[in-house]
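Welcome, and thanks for taking a look at this one with me. Below are some notes to read alongside the model.

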Amino acid sequence: MRRLQGRMLRVFCSFMALFSLLFLRTGGLSSGEMLAETARQQSVYTLTVEETRGTIYDSKMRPLTGTESRYLAAVVPSEENEQQILSDSRFLAENDVLAEKLAEGYPFLTEVRMEFTDIPQVTVFSVDERYTENQIAAHILGYRNGDGDGVTGIEQAYDSLLQGISQKTTVTYTVDALRQPLVGTEPEIRYASEAVEGVVLTIDKRLQQICEEVGSQYLKKGAVVLVEASTGKLRACASFPDYSPENIAEAIEDTENAPLVNRAFSAYNVGSVFKIVTASSALSQRLTPSDDYFCSGKVTIGDTDFHCYTRTGQGILNLDTAMAKSCNPYFIMLGLSCDPYKFHASAMDFSFGTPTSFAPGMSSAEGTLPTVEEISSKGACANFSFGQGSLTATPIQIAQMLTGILNEGYVMQASLVEGITQDGAFLSETVPQTMPVRAVTAEAAARVKKTLVYSVMETEGHKARPRYVSAGGKTGTAQTGQFREDGTEILQGWFAGFFPAENPEYILVVLAEDAQGSSDATPVFREIVNRMTSRPAEK
């Protein structure tokens, strides 16, 4: 028995010894492979000079991103080039920063003013800047975070597509274990191909520039929306104040002006521009607006007096003169004559109370549309009839409202994206357009269009009247119910118009936030139209 136990013990010990040898051998091989891999990794050192991203284009395939370049130098520190680098004004970094980098001895990137080839072991690259200092359409394009991910706008909506196109320009050096470049070896340079693939917008770059330039001249806060009348396509969309995508921290800190807010997509009190809906709905319901309404300066509904902006009254009015003079009592009486359900339905069909979707995760505010039950109350309906009360809307919705007037009663939803391009020259994939919605009859729309043209072209000295073409439109001064410290009420100024009047091509909506009234918005409309339609010699 003892012999058997001894034999078993010897076998067990032999087995353990063999297992230990095998374990040590496997571990040695593994460690050797790890060391070999480490050595291989240490044999090269790569600098990423540029990582490309898909391009965002305007409707004519003109790039809106990557339109400017800067220069980066890939530097290999050496005794031969150190003093020349530190004394060369073409290097933009401070000398102490450059000295520190040179002392480390590793290859590094630094920004320079221009291309050059006269410094040993310095290679200069021209790289595209994603955004410019005064980036056009910043609120539409959006911006990226530090990791290069889209955070807002088109950058966020199409982030996966734009990132999927990315390539890198790299410089790879052969180095020793301390990452010191080996003498006599040339770096390997790999260039990224041009990122021509991307997203094509409906925006027209030239028209966007005009709207931004004029808007920034006149508006401290506000928005400008330019829409192609027949399609609803956004040709320009600007919000003020603007911001730089390269300096988001500064924009975030400006809490007073909130430059990151896209005011074109935000909802505001509407005011008298809503009288367009009131007139259209009444006419569509076969109601006949009065041709001899007498405005005494107010109308009393229940226990509430609703005043005309001219407190002394405006005398005998018809639909044209009431629209031109923006008589509140006239439109209150017209709105009260409407069926509240049909009146509400018209407002809904004109897009009030409904957000506008432009791209995945990118849409405008829905605004506030009172319920049918609310406007069944005469007091609430009176407010609703001239765009006051709880009603709010975005500049986009006001533009969509006018598409219904100019397209025989059919409302076009505003669109922003044409599609995708693979070659930067043609669309490879288009975005389907939303079907139009009938809001009112063609006869009603035509009559209101005529009224809006009368308001601009037949009103003496109208501040929105352009120099070179005819136009139609409506002013609006919206009360907000909010007051400044001095007791004065905060107002929103509007002008919603179209041009040329005979065959409208464009709808232009201007919002002047925290304004004196519509007088802050009408000059913006006039100047933009003048710039768009001016004679070649005056451009």
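Is Ser351 buried or exposed? Let me start there, after a word on where the values come from. This is a predicted model, in which local features need pLDDT of at least 70, side-chain atom pairs count only at pLDDT 80 or more, and totals for chains, interfaces and linings use all residues. Residues are numbered from 1 along each chain as its sequence is written, and side-chain values use heavy atoms, with hydrogens and water left out.

1. Ser351 is buried, with a relative accessible area of 11% (buried means under 20% relative accessible area, exposed over 50%, partly exposed in between, with a 1.4 Å probe and protein chains only). Ser351 is not a glycine, yet has a positive phi of about 90°. To find Ser351, look in the loop between helix H12 (340–349) and strand S16 (357–359); helices (H or I, at least four residues) and strands (E, at least two) are DSSP runs, numbered from the N terminus.

2. Ala137 is another residue to check for its backbone. Although not a glycine, Ala137 has a positive phi of about 55°. Ala137 sits in the loop between strand S5 (122–129) and helix H4 (138–141), and at 2% relative accessibility Ala137 counts as buried.

3. Now for the cis peptide bonds. One joins Phe240 and Pro241, with omega about 0°, and Pro241 belongs to the loop between strand S10 (234–240) and helix H8 (248–253). Another joins Phe499 and Pro500, with omega about -15°; here Pro500 is in the loop between strand S24 (489–499) and strand S25 (506–515).

4. Strands S10, S24 and S25 come back in an open sheet of 5 strands, ordered S10-S9-S25-S24-S23 with antiparallel pairing (two strands pair if DSSP finds at least two bridges between them). S10 and strand S23 (472–483) are at the edges with a single partner strand each, so one side of each has no neighbour in the sheet. On average, neighbouring strands of this sheet are turned by 10° against each other, direction ignored.

5. Within that sheet, strand S9 (residues 222–228) and S25 pair in the antiparallel sense over 7 bridges. For a pair to pick out by eye, the bridge partner of Val224 in S25 is Val510. Helix H16 (residues 442–457) packs on the sheet and touches S23 and S24 (contact means heavy atoms within 4.5 Å). The direction of H16 makes about 80° with that of S23; axes are lines fitted to C-alpha atoms, for helices over the stretch in contact, and angles run from 0 to 180 degrees between N-to-C directions.

6. How do helix H11 and helix H14 pack, and at what angle? H11 (residues 328–336) and H14 (residues 378–385) pack at about 125°, with their axes 8 Å apart. The two are therefore oblique to each other (angles under 35 degrees count as roughly parallel, over 145 as roughly antiparallel, 65 to 115 as roughly perpendicular and the rest as oblique). Where they meet, H11 brings Phe331, Ile332, Gly335 and Leu336, while H14 brings Lys378, Cys381, Ala382 and Ser385.

7. Finally, a hairpin. Strand S20 (residues 417–421) and strand S21 (residues 427–430) pair in the antiparallel sense over 3 bridges, and Gly419 has Thr430 in S21 as its bridge partner. There are 5 residues between S20 and S21, and Gly424 in the turn has a positive phi of about 75°.
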